[in-house]
Amino acid sequence: MITAGDMAPRGFAPGVIPASGWASATYTAPHVKSPFRERLLTTVLFAAVLASCVAFIEPSPHDALMGVLAIVALAAGARFHRILIVPFALLVIWNFFGLLTLLNVPDQKETVQYAATSVYLAIAALIFALVVADKTMPRMATLEVAYVMAAVISAICGIAGYFHLFPGAGMFTLYDRAMGMFKDPNVYGPFLILPLLFLLQRMLVKRIDIVGLGLAGVIMFGLLLGFSRGSWFVFAVGLTVTIILDFFTAPTARIRLRILGLSIAGMAALAVLLVLLLTMTSLGNMFTQRAQLIQSYDVGTGGRFVLQQLAIGSVLEYPNGMGPFEFSRVFGLQQHNVYLQSFLVYGWGGGFAYVLLVLSTTWIAFANAIKRTPWQGYAIATAGTWLGLVLEGFIIDTDHWRTFFLVLGLIWGLAAATRAGAAAQVGRRTIT
């Protein structure tokens with residue numbers, strides 16, 4: 001069972017957490033029974049995150065539970081920390097200009113739904129930020145357990161679908177690629193990355209156990225069977241960032257040596273396992289096909305790169321934006337670049353707000369990840385996942401991915417917790 005102490009750096013384990021600002025501002029000792037509202041909040045948080053693995057129906061159970069989570073969080077006394085003004089303002093500006101572009105495409109039901117989804121995802125990100133900004137470790141531990149379970153369920157569904165383990169299991173695949181209970185393998189894959197990094201990060205710096213190894217193995221196999229180049233890329237970036245940050249922020253040389261040794265051994269083991277798996281004919285053929293850097297739909301007339309060139313011209317031509325789906329209606333396909341998408345759909349005002357949101361979140365993610373806090377392990381895993389998603393945005397539209405906004409909310413919530421803890425420490429020293 002994952003606990004708050006599992007992700008805390010050495011020196012911040014629950015049993016030895018000092019009576020400092022960190023503890024008083026953000027930590028609830030496990031032996032102290034939480035108030036009913038807090039227990040209700042963690043229960044709804046667990047259910048909402050667990051339900052996020054069901055995304056092939058809309059609105060999904062996760063979406064309904066997010067509304068309940070918002071109400072319960074307010075009832076539990078969730079506070080709006082000052083630092084959250086930054087994402088709040090940028091998300092408001094981004095959506096304001098997005099709603100304005102609806103004037104370009106009046107009387108179209110799907111465009112209104114598109115704008116409403118953007119508003120909902122922005123609110124969802126802020127809800128996650130509010131929830132984890134206080135009582136951070138127990139709430140993050142709850143979220144982690146639920147997210148790991150959701151990822152394992154998704155991966156098992158994807159694996160069952162790929163190998164047709166039971167009648168009807170094919171519903172969990174698309175084009176012979178695993179997708180779990182998602183609509184698209186390219187969305188299913190990134191959903192698996194953060195919980196996988198939670199597990200791997202703890203193995204690097206804390207301990208390796210059979211259960212953790214098994215869960216990580218199932219998720220990684222499910223990730224492989226999605227045959228999504230973007231997902232593999234996000235995982236590679238996220239894991240690299242996690243290893244580097246863990247190495248350079250490790251408190252002792254012995255832990256740095258452990259991280260280095262485990263990283264080398266893990267990479268070697270992963271390479272051997274991959275080679276063995278690819279000896280299976282069907283896997284090998286699909287991997288050979290999907291692992292190519294350039295696919296046929298990337299180049300040529302109507303290819304991804306040509307469409308991105310056309311999108312740049314359209315951005316310059318439409319400072320107020322074209323509106324949802326207008327670029328694909330005119331040119332036949334989406335441009336597959338979320339940054340171009342932010343200017344095309346949300347206008348220049350929304351586009352600049354989105355870019356500022358991504359840049360400021362990236363800065364906050366890494367600035368917070370190098371600070372020694374009880375939740376540093378979570379901050380490192382989210383920073384790695386975030387950078388991968390940001391880079392993947394250059395080849396795909398991620399502006400409606402629940403995973404993207406979940407990670408965004410966690411980054412700002414953890415940063416708010418760090419500032420609150422630091423302020424409490426300063427106050428305690430002043431009083432002393």
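This is a predicted model: local features need pLDDT of at least 70, side-chain atom pairs count only at pLDDT 80 or more; totals for chains, interfaces and linings use all residues.
## Overall architecture

The protein chain contains 17 helices and two strands. Of its 432 residues, 53% are buried. Among contacts between residues at least 6 apart in sequence, 77% join residues at least 24 apart.

## Nonpolar cores

The largest nonpolar core comprises 115 residues. Leu69, Phe128, Leu143 and Phe404 have the most contacts inside this core. The element that gives the most to it is helix 7 (residues 136–162), with 14 residues. Another core, of eight residues, lies apart from the largest one and includes Leu307, Ala311, Phe327 and Phe343.

Leaving aside neighbours within four places in sequence, Phe128 is in contact with Leu45, Val49, His62, Met66, Leu69, Leu143, Leu406, Gly409 and Leu410.

## Packing of helices 13 and 15

Helix 13 (residues 304–317) and helix 15 (residues 338–369) have axes that come within 9 Å and cross at roughly 25°. Because angles under 35 degrees count as roughly parallel, the two helices are therefore described as roughly parallel to each other. Their crossing is left-handed.

On the helix 13 side, the contact is made by Gln308, Ala311, Ile312, Ser314, Val315 and Leu316; helix 15 supplies Leu340, Phe343, Leu344 and Trp348. By class, the residues of this contact are eight nonpolar, two polar and no charged.

Notes: Residues are numbered from 1 along each chain as its sequence is written. Side-chain values use heavy atoms; hydrogens and water are left out. Axes are lines fitted to C-alpha atoms, for helices over the stretch in contact, and angles run from 0 to 180 degrees between N-to-C directions. Helices (H or I, at least four residues) and strands (E, at least two) are DSSP runs, numbered from the N terminus. Angles under 35 degrees count as roughly parallel, over 145 as roughly antiparallel, 65 to 115 as roughly perpendicular and the rest as oblique. A crossing is left-handed if the near helix is turned anticlockwise from the far one by less than a right angle, and right-handed if clockwise. Contact means heavy atoms within 4.5 Å. Ala, Val, Leu, Ile, Met, Phe, Trp, Tyr, Cys and Pro count as nonpolar, Asp, Glu, Lys and Arg as charged, and the others, Gly among them, as polar. A nonpolar core is a set of buried Ala, Val, Leu, Ile, Met, Phe, Trp, Tyr and Cys residues joined through side-chain atoms within 4.5 Å. Buried means under 20% relative accessible area, exposed over 50%, partly exposed in between (1.4 Å probe, protein chains only).
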